[in-house]
Amino acid sequence: MTQQWPPGSPRVLVTDAWLANAGDGAIATATGRLIERLTPGAAVLHAAYQWDLLGDRYPDLALVPPLASLLGMTGAASFSGWDAASGGRLVGGADLVVSQGGGFLLEHYQPWERLFALAAVADRGLPIVILGQTIGAFRLARARALLRRVLGAARSVVVRDQPSFLHALDLGADPDRLVLASDLTLTLFEAPESTVKHSPVPDGIAVVLSSHEQSSDGGGRREALAATVLQEVLDRTGSERVTLLSTSQGLGHLGFEDDARIAGASLDRLTAQQRSRTELVDGYVAPREAVEILGSKRAVVTQRLHPALFALAQGVPAALLLAAEKAGVLAGTALGDLVCVRPDDAEARTSAIDAALDPSARRGRELHEALAPATRRAELNVAALRDVLSSLSSPGRPGSAPQ
């Protein structure tokens, strides 16, 4: 645990990863690597939720409490050894605050603590970058006012899908500082070899079930949809092994949502024979572990975004069943039926599953090329961050970028 900035310049505070979701953890890793790539020798701290619970799973990240806790904001969690004075000094010593990508800027998440903290940073006059975010349509007047303060103060606002671009404009983002990119995690992967890592093509299917952000109304219907997805995969895969896992599991209520519950409920609906070829991965799955598991499979079917990105970027066919605007990360790609934004529609859903499980489905470099429009847009995060880092000039600040 550190309450001091490590040596280096500039000082960059990255906020606010929700590490309980390994997709967010992967975004934090990608953001840290981008900063190191663009400004070797920079001092980087990651203000993150669950930093105290999961710090050992992220040895490459220098973790500190979330931004609201550092600032001692009302209602924010407090941590032993930290107070508003020490946290405030840490924030005040930053040359740049980067609000890393993800989907927390959505009204139904009620991200008020994060918004107040970002607004406090803006009011201090610290440079801010919004990087690779999904931004929703906010209707509450107070939330809109907070977002106007944050987006208006940002040196650059980079969003990862077209709906977010339009929402950011509506919320007052400067069009000249607004960039439509894609998800930051795509910058972590290089193009695969002409085929996937294994020869012959590996056996086994990975399935990610979730009751989160599905179009079905009510928990019961969401649970039924997840069970249906698993059943449809099993019906199409003969004797192949099916592995259940999620990038959001293992922390129970401490992680806000835990897909292990929905996976367990779906398993309970199976026959004994179906259960015998279905493996459930227990506990928290860190980004590197998720990438390795998903990259080792013949195909992936997922109700979450990042498992699809992790698989597709490694050349593994993946069906994304997600009724959420952030599925727009994959807009413009040549993935065809693999992307299903209407998972409640049986025909659309089964078309996506069939496209992923087809033994002749594109894979390896061919599939990665179908993903290329999204991976090229992801590099726009790099360009925007480079521009801001190169423009930093605070000669009176310790650790500021050199002139």
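**Pockets of the predicted model**

Five residues from α11 make up the largest share of the lining of the second largest pocket. The structure described here is a predicted model. This briefing covers its largest pocket, with a volume of about 550 Å³, and its second largest pocket, with a volume of about 430 Å³.

**Second largest pocket**

- The volume of the second largest pocket is about 430 Å³.
- The second largest pocket is lined by 19 residues, and those closest to its centre are Thr29, Arg33, Pro287, Arg288 and Glu289.
- Two or more residues of the lining of the second largest pocket come from each of the elements α1 and α11 (287-295).
- By residue class, the lining of the second largest pocket holds 10 nonpolar, two polar and seven charged residues.

**Largest pocket**

- The volume of the largest pocket is about 550 Å³.
- A total of 27 residues line the largest pocket, and Trp18, Phe104, Tyr109, Arg114 and Phe256 are the closest to its centre.
- Four elements, α1 (22-38), β5 (102-105), α5 (112-123) and α12 (305-312), each give two or more residues to the lining of the largest pocket.
- With three residues, β5 gives the most to the lining of the largest pocket.
- The lining of the largest pocket comprises eight nonpolar, 11 polar and eight charged residues.

**An element found in both linings**

- Helix α1 gives two or more residues to the lining of the largest pocket, and α1 also gives two or more to the lining of the second largest pocket.

Conventions
Residues numbered from 1 in each chain as written. Predicted model: local features only at pLDDT ≥ 70, side-chain atom pairs only at ≥ 80, totals over all residues. Heavy atoms only, no water. 1 Å grid on protein atoms, 1.4 Å probe; cavity = no way out; pocket = protein on both sides within 12 Å on 5 of 7 lines; lining within 4 Å. Points joined across faces, edges and corners; volume = space filled by probe spheres on them. Nonpolar A, V, L, I, M, F, W, Y, C, P; charged D, E, K, R; others polar.
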